[in-house]
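This report covers a pocket and a few selected residues. The structure is shown first.

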Amino acid sequence: MTDSEVTLAARKSPGTSTNFQNKDQLSLQTMILPGIIFILVFTFIPLYGVLIAFKEYNIVTGIRGIFTAEWVGLANFKEFVNDINFWNMLRNTLGINLLGLLINFPLTILFALMLNELTSQHFKKLTQTVTYLPHFISWSIFGGLIINILSPSSGVVNYVLLQLGIISEPIHFLGEKDYFWLLAVLTNLVKELGWGAILYLAAIAGIDQEMYEAAYMDGATRFQRIWHITLPSITGTIVILLVFSISNILNSGFDQFFVLQNPLNIDNSEVIDTYVYKVGLREFRMEYATAVGLMKTVIALILLYLANLTAKKITKRGIF
């Protein structure tokens, strides 16, 4: 048989065709092996550590202690729920995250729409660079800048407010607990605004430009093109990110609160993540920290399912 006849026979035979395709794809498929191995080693294999949440674990016993420690069931979970600070932590965690969701989520979409409407490419790139930059700065540095800017003695904010006559004496913003929620939301907005707009800009870039041209020829204004073309076209992206944001409602972010927290604002700045660090990790109570983390994960899964179910009923779009 000639080479062409062999190839033709291989195409007619489903099993042989599959073998040829697998061999052709083998070099590409092996490229994903490092990622699979990484996930297995650092994600799936350590899952046995979840057992710590249900045991009276002692860190001195090491890995062996995970299996030999005394089983205490839900005692660690009950201890966390019955803690005197539990409701205050839950109030701060939910309050700050919900406020951030109401403010930061729509502002990020608005910022992406505004960036997309800029006609000057140089100014657009400059704006993107300036707004992306804070994302790559750690909270250790960025938080220090915030503390200096808001300082009552040398901060630029108090200086400007005093010069404008808005206030008569400096305000210790981070020393007043009533200001903390809003400060946490706004500082996170400044740090993540540009980075959060990337996905929306990517979704906008995929919109067929002929729709804009047709709308322009029909006399649609810029706002009408945004409202009737851009927003409907990126609804899927908005819904997916909203669902993820809702499921992540209990994850406040440890770094930001740890840096900005002080004894004066502790009542409004103590969230679950910082509390777990202080009680669970500083005191080496790994079983307690694991129990809280597992509880947050279960609640996140429930919120993810409910948010996705609601989104599918309202917008007919969802993650699954």
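Is Glu-287 buried or exposed? Glu-287 is buried, because its relative accessible area is 9%, where buried means under 20%, exposed over 50% and partly exposed in between (1.4 Å probe, protein chains only).

## Basis of the values

This is a predicted model, in which local features need pLDDT of at least 70 and side-chain atom pairs count only at pLDDT 80 or more, while totals for chains, interfaces and linings use all residues. Residues are numbered from 1 along each chain as its sequence is written, and side-chain values use heavy atoms, with hydrogens and water left out.

Glu-287 sits in helix H18 (residues 286-315); helices are DSSP runs of H or I with at least four residues, numbered from the N terminus. Leaving aside residues up to four places away in sequence, Glu-287 touches Ile-52, Ala-53, Lys-55, Tyr-57 and Asn-76, contact meaning heavy atoms within 4.5 Å.

Val-276 belongs to helix H17 (residues 272-281) and counts as buried because its relative accessibility is 12%. Its contacts, not counting residues up to four places away in sequence, are Leu-281, Ala-289 and Val-292. The C-alpha atoms of Val-276 and His-172 are 27 Å apart, and the two residues are 104 apart along the chain.

## Asn-97

Asn-97 is part of helix H6. At 15% relative accessibility, Asn-97 is also classed as buried.

Beyond four places in sequence, Asn-97 touches Ile-249, Leu-250, Asn-251 and Ser-252.

## The largest pocket

The largest pocket has a volume of about 810 Å³. A pocket is an open set of points on a 1 Å grid over the protein atoms alone, where a 1.4 Å probe fits, with protein on both sides within 12 Å along at least five of seven lines; lining residues have an atom within 4 Å of a point. The volume is the space filled by probe spheres set on the points, which are joined across faces, edges and corners. Of the 28 lining residues, Asn-104, Asn-188, Glu-192, Ser-245 and Asn-248 are the closest to the pocket centre.

H10 gives the largest share of this lining, eight residues.

How values were computed:
Helix = DSSP H or I, 4+ residues; strand = E, 2+ residues; numbered from the N terminus.
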